[in-house]
Each structure stands twice: as structure tokens, then as C-alpha cells.
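Subject: Structure for you to look at

Hello,

Here is the structure I said I would pass on. Please open it beside this email and go through the notes below in order.

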Amino acid sequence: MIRRPPRSTPLYSSAASDVYKRQPHCRNEVRELASYFIENPVPEGIRILSLATSIDSSRANYPPHEWFANEGWSIPVIVDNSNSDIARAIGVSSFPFYVVIDSTGNVSLRIAGRIGVERLERLFAFISTKAY
């Protein structure tokens with residue numbers, strides 16, 4: 001029997017906005033997943049939020065919400081503070097970085113690096129079938 005979490009399970013995708021402009025794999029990840037989300041709805045019971053962190057106002061990609069919009073990123077973006085407090089609190093250690101937070105608010109999984117569509121779909125399947 002497949003059991004779904006009783007409440008929405010957030011998946012945080014962390015993006016250092018200054019890193020994305022310099023790292024082709026990060027730019028490609030945003031573009032690939034942005035296209036994916038246009039054609040594929042997020043599975044029921046999963047909520048995705050992006051975290052823009054390590055922000056530098058002197059960079060060409062500041063402010064981050066404009067950069068994400070230009071890339072066609074439809075996932076809501078939370079902008080971290082200058083100390084990257086949110087990123088630290090959820091254990092972000094590199095970019096891109098994914099954090100799965102269960103329905104009770106506990107971090108249940110951290111994934112460092114690019115995941116692409118195939119691994120994202122496997123992650124969705126895992127989240128959808130795991131009893132939190």
C-alpha cells in the first residue's frame with residue numbers, strides 16, 4: 001500500500017544566485033528543471049520551494065528573483081538573509097543542494113549537486129511512498 005504524507009512535504013532547492021551565473025551545471029539545472037515543471041505538475045503531497053542564498057548585490061545576477069524569472073523558474077523562491085541563516089539551519093553545504101523536510105518539519109534527506117530530471121522523478125517517487 002502506498003501511503004502519502006498527511007501534510008505537504010516540502011522539498012527545498014537551494015541556489016546561490018552568484019554561483020549560478022558562473023557555474024554552467026547550475027544554470028543548466030535551473031533551465032532543465034524549469035522546462036520540466038512547465039510540462040509536469042509537482043506530485044500531490046509535495047511542495048517545492050527554492051532558497052536563494054549567498055547573495056551578493058555587487059553581482060550581475062542581483063536581485064535573484066529577477067534572474068529566476070528570466071530563467072522561467074516557476075517554483076516560489078525564498079530569499080535568504082546576508083548571513084545565509086536559512087541555508088545554515090537546513091544544512092546547505094554546496095550548490096545546487098536539495099533538502100527534503102518531512103511533514104513534521106524535520107530534515108529527512110539532503111542531496112548535494114545537480115540531480116536532473118531523472119533523479120528528481122526518483123526523489124518524487126521516494127517522497128510519495130515514504131511514510132513520514
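**Backbone points**

Ser-54 has a relative accessible area of 29%, which means that this residue counts as partly exposed. Please keep in mind that the model is predicted. You will find Ser-54 in the loop between strand S2 (46-53) and H3. Its phi is positive, about 55°, although Ser-54 is not a glycine.

Ser-84 also has a positive phi of about 55° and is not a glycine. This serine sits in the loop between S3 and H4. Is Ser-84 buried or exposed? With a relative accessible area of 12%, Ser-84 is buried, because buried means under 20%.

There is also a cis peptide bond, which joins Phe-95 and Pro-96, with omega at about -10°. Pro-96 belongs to the loop between helix H4 (85-90) and strand S4 (97-101).

**Salt bridges**

How many salt bridges does the structure hold? There are four. Three of them are described here, among them two that involve Arg-114.

In one, Arg-114 pairs with Glu-29, and the closest N and O atoms are 3.4 Å apart. The relative accessibility of Arg-114 is 36%, so Arg-114 counts as partly exposed. Glu-29, at 1%, counts as buried.

Arg-114 forms another salt bridge with Glu-32, where the closest N and O atoms are 2.2 Å apart. Glu-32 is in helix H2 and Arg-114 in the loop between S5 and H5, so the parts tied together are 82 residues apart in sequence. Glu-32 has a relative accessible area of 28% and is partly exposed.

Arg-31 is partly exposed, at a relative accessible area of 39%, whereas Glu-71 is buried, at 16%.

**Aromatic rings**

A pair of aromatic rings is described by two things, the distance of the centres and the angle of the planes. A search of the whole structure finds four aromatic pairs. One of them is Tyr-36 with Phe-37: the ring centres are 5.5 Å apart and the planes are at 70°, so the pair is edge-to-face. Why edge-to-face? Planes over 60 degrees apart count as edge-to-face, and these are at 70°. Tyr-36 is buried, with a relative accessible area of 11%. Phe-37 is also buried, at 11% relative accessibility.

Another pair is Trp-67 with Phe-68, whose ring centres are 5.0 Å apart. The planes of this pair are at 70°, so it is edge-to-face as well. Trp-67 has a relative accessible area of 3% and is buried; Phe-68 is buried too, with a relative accessible area of 3%.

Both pairs belong to one aromatic cluster, which is formed by Tyr-36, Phe-37, Trp-67, Phe-68 and Trp-73.

Regards

Conventions:
Residues numbered from 1 in each chain as written. Predicted model: local features only at pLDDT ≥ 70, side-chain atom pairs only at ≥ 80, totals over all residues. Heavy atoms only, no water. Phe/Tyr/Trp six-rings, centres within 6.5 Å; stacked < 30°, edge-to-face > 60°. Buried < 20%, exposed > 50% of the residue type's maximum accessible area, 1.4 Å probe, protein only. Salt bridge = Lys/Arg side-chain N within 4 Å of Asp/Glu carboxyl O. Helix = DSSP H or I, 4+ residues; strand = E, 2+ residues; numbered from the N terminus.
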